[in-house]
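Subject: Structure handover

Hi,

Here is the structure I said I would pass on. My notes on it follow below.

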Amino acid sequence: MPSSGLDLDPEGLDRVAELLRTAAAALPASGLESDIPPVGGDEVSAAVMANLNARRRWLLEHVRAGHGQADARASETQCL
């Protein structure tokens, strides 16, 4: 593996990739894909849930992106 100036543990990267692969595979079945409706019918409940749903979507996007990056890196490492 070319030196990047970082002390990387390839086995650790493989473990992270496997964890992210498992998380990404479980996400569609978890029900996290759909927004959670507000409990109350008032504007505050709607605003709070809109904020929480936006944060949830952001987090899911980052987990998926991390999965893709870790998976690609693990594949590169295995090819070396």
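Start with aspartate 35. At a relative accessible area of 45%, aspartate 35 is partly exposed, because that value falls between the 20% and 50% cut-offs. Keep in mind that this is a predicted model. Aspartate 35 sits in the loop between helix 1 and helix 2.

What does aspartate 35 touch, leaving aside its neighbours within four places in sequence? The contacts are Asn53, Arg56 and Arg57. There is also a C-alpha distance to note: aspartate 35 and alanine 54 are separated by 8.7 Å. Those two residues are 19 apart along the chain.

Salt bridges

How many salt bridges does a search of the whole structure find? The search returns 3.

Take aspartate 35 and arginine 56. They form a salt bridge, with the closest N and O atoms 2.4 Å apart. This pair links distant parts of the chain, 21 residues apart: aspartate 35 is in the loop between helix 1 (10–30) and helix 2, while arginine 56 is in helix 2. The two side chains also make a polar contact, listed at 2.4 Å. Is arginine 56 buried or exposed? Arginine 56 is buried, with a relative accessible area of 12%. The reason is the cut-off: buried means under 20%.

Now aspartate 35 and arginine 57. This salt bridge has its closest N and O atoms 2.6 Å apart. Aspartate 35 lies in the loop between helix 1 and helix 2 and arginine 57 lies in helix 2, so the pair ties together parts 22 residues apart in sequence. A polar contact of 2.6 Å joins the side chains of aspartate 35 and arginine 57 as well. Arginine 57 has a relative accessible area of 34%, so arginine 57 is partly exposed.

Asp35, Arg56 and Arg57 are linked in it by salt bridges.

Another salt bridge joins aspartate 9 and arginine 15. Here the closest N and O atoms are 3.5 Å apart. Aspartate 9 is partly exposed, at a relative accessible area of 40%. Arginine 15 is exposed, at 54%. The labels differ because exposed requires over 50%, and partly exposed lies below that and above the buried range.

Asparagine 53

Asparagine 53 belongs to helix 2, which covers residues 43–79. Why does asparagine 53 count as buried? Its relative accessibility is 6%, and buried means under 20%. Leaving aside neighbours within four places in sequence, asparagine 53 is in contact with Asp35 and Ile36.

Nonpolar patch

Which residues make the nonpolar surface patch of about 270 Å²? They are Val44, Val48 and Leu52. Valine 48 is in helix 2. At 43% relative accessibility, valine 48 counts as partly exposed.

Valine 16

Valine 16 is in helix 1. With a relative accessibility of 42%, valine 16 counts as partly exposed. How far apart are the C-alpha atoms of valine 16 and aspartate 71? They are separated by 8.9 Å, and the two residues are 55 apart along the chain.

The chain overall

The chain has 2 helices and 0 strands. Of its 80 residues, 19% count as buried. The accessible surface of the chain comes to about 5900 Å². Carbon and sulfur atoms account for 62% of that surface. Now consider contacts between residues at least 6 apart in sequence. Of these, 63% join residues at least 24 apart.

Where to look

Then turn to the patch made by Val44, Val48 and Leu52. After that, view the pair valine 16 and aspartate 71, with C-alpha atoms 8.9 Å apart.

Best wishes

Key
Residues numbered from 1 in each chain as written. Predicted model: local features only at pLDDT ≥ 70, side-chain atom pairs only at ≥ 80, totals over all residues. Heavy atoms only, no water. Helix = DSSP H or I, 4+ residues; strand = E, 2+ residues; numbered from the N terminus. Buried < 20%, exposed > 50% of the residue type's maximum accessible area, 1.4 Å probe, protein only. Contact = heavy atoms within 4.5 Å. Areas by Shrake-Rupley, 256 points an atom, 1.4 Å probe, with all protein chains shown as cover. Patch = residues over 30% accessible without salt bridge, like charges linked within 9 Å, V, L, I, M, F, W, Y side chains within 5 Å. Salt bridge = Lys/Arg side-chain N within 4 Å of Asp/Glu carboxyl O. Polar contact = N/O pair within 3.5 Å; in protein donor to acceptor, adjacent residues only side chain to side chain.
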